[in-house]
Amino acid sequence: MDERADRILDAARGLILRLGYRKVTVEDIAAAADVGKGTVYLHWRTKHELYEALLLREAIWLIEDLIAMLRRDPATVRPSTFARESYLATVRRPLLFALFTGNVEYLGKLARHPLRSHDLLASDRFFAVVDRFGLTRQDIPHREQTVSAVSASFYLLDAISPDTLALTPEDKAEALAFTMRNAFEPAGEPAAEALAAAAAEYIAVFEELIPPYRKWIYD
């Protein structure tokens, strides 16, 4: 990893969280990082690319959090538990949460990062894992799209229903887990061996995501 690139990204992160995407310039970022404007462009050709790199670094940190969680307790691979913990981990990273919610104040026109298709392939693999180990019901119409839509709706709750602003992130995460458990998980408790094997496969998929992210950021 490049220490100077990380310093620039740290500066960009702080400025965006404080001022928002639109008000921050490359000159501002360079000054905050104590480098020249040209140095920023040595790493990324445009402000847009710099912000994409910033989001990818945030994604790496989130993935590392999820890997650590699965290693501590493989049972968190259950869809309801994983949905709850993923939601809370994302809330703790405001830029990523802004990406999920389409917050233009933070991210402007950044709607996707450059490895989106890679992520979609990973998502398909995660569904294959829960299928193989019997962690989701098979009788749900358009199951993948339905599960994804329900999960995504909790990230958008405040925009959809302002009444939810009174709820804490923990309240919303518990509601998401309850919904996932009762709508999509089969009755009964999965075997510990199945949870351990599924968690190991999740970790393997996550670990494959990190190198291309890092390559895009730093190369």
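Me: Lys215 and Asp219, buried or exposed?
Reply: Both Lys215 and Asp219 are exposed. Bear in mind that this is a predicted model.

Me: What do the side chains of Lys215 and Asp219 form?
Reply: They meet in a salt bridge, with 3.1 Å from N to O.

Me: How many salt bridges are there by that rule?
Reply: The count comes to 17 salt bridges.

Me: Which residue does Arg57 form a salt bridge with?
Reply: Arg57 pairs with Asp6, and their closest N and O atoms are 3.1 Å apart. The pair links distant parts of the chain, with Arg57 in helix H4 (residues 47–72) and Asp6 in helix H1 (residues 3–19), 51 residues apart.

Me: And Arg57, buried or exposed?
Reply: Arg57 is buried, at a relative accessible area of 4%. Asp6 also counts as buried, because its relative accessibility is 18% and the cut-off for buried is under 20%.

Me: What about Glu58, which partner does it have in a salt bridge?
Reply: Glu58 has Arg13 as its partner, with the closest N and O atoms 2.5 Å apart. Glu58 lies in helix H4 and Arg13 in helix H1, so this pair ties together parts that are 45 residues apart in sequence. Glu58 is buried, with a relative accessible area of 0%.

Me: Switching to rings. How many aromatic pairs are found in the whole structure?
Reply: The search finds nine aromatic pairs. One of them is Tyr21 with Tyr51, which is edge-to-face at 4.8 Å centre to centre, with 65° between the planes.

Me: Where do Tyr21 and Tyr51 lie?
Reply: Tyr21 lies in the loop between H1 and helix H2 (26–33), and Tyr51 is in helix H4, so the pair ties together parts that are 30 residues apart in sequence. Tyr21 counts as buried at 14% relative accessibility. Tyr51 counts as buried too, at 1%.

Me: Why is the pair of Tyr87 and Tyr155 edge-to-face?
Reply: The ring planes of Tyr87 and Tyr155 are at 65°, so the pair is edge-to-face, and the ring centres are 5.0 Å apart. The cut-off for that class is over 60 degrees.

Me: Tyr87 and Tyr155, buried or exposed?
Reply: Tyr87 is buried, and so is Tyr155.

Me: Which residue lies over the face of Tyr21?
Reply: Lys47 does, at 4.6 Å from the ring centre.

Me: Which residues form one aromatic cluster?
Reply: Phe82, Phe126, Tyr202 and Phe206 form one.

Me: Back to H5. How many residues does it have?
Reply: Helix H5 (residues 79–91) has 13 residues. From its first C-alpha to its last it reaches 18 Å, close to the 18 Å expected at 1.5 Å a residue.

Me: And how many of the residues of H5 are buried?
Reply: H5 is mostly covered, with 10 of its 13 residues buried. Among them are Phe82 and Tyr87, and the buried residues also include Pro79, Ser80, Thr81 and Leu88.

Me: What does the domain assignment give?
Reply: It gives domain 1 (1–43) and domain 2 (58–218). Their centres, taken over C-alpha atoms, are separated by 29 Å.

Me: Where does UniProt place "domain: HTH tetR-type"?
Reply: UniProt, in an unreviewed entry, places that feature at residues 2–62. In the model, the end C-alpha atoms of residues 2–62 lie 19 Å apart, and the span is 79% helix and 0% strand.

Me: Which residues does UniProt list for "DNA-binding region"?
Reply: The unreviewed UniProt entry lists residues 25–44. The end C-alpha atoms of residues 25–44 lie 14 Å apart, and the span is 75% helix and 0% strand.

Me: Last topic. Where is Arg137 found?
Reply: Arg137 is in the loop between helix H8 (116–132) and H9. At 28% relative accessibility, Arg137 counts as partly exposed.

Me: What separation do the C-alpha atoms of Arg137 and Ala183 have?
Reply: They are separated by 8.5 Å, and the two residues are 46 residues apart along the chain.

Definitions and conventions. Residues numbered from 1 in each chain as written. Predicted model: local features only at pLDDT ≥ 70, side-chain atom pairs only at ≥ 80, totals over all residues. Heavy atoms only, no water. Salt bridge = Lys/Arg side-chain N within 4 Å of Asp/Glu carboxyl O. Helix = DSSP H or I, 4+ residues; strand = E, 2+ residues; numbered from the N terminus. Buried < 20%, exposed > 50% of the residue type's maximum accessible area, 1.4 Å probe, protein only. Domains from an automatic or database assignment. Expected span 1.5 Å × (residues − 1). Phe/Tyr/Trp six-rings, centres within 6.5 Å; stacked < 30°, edge-to-face > 60°. Lys NZ or Arg CZ within 6 Å of the ring centre and 35° of its normal. UniProt positions renumbered as here; feature names shortened; annotations may be inferred.
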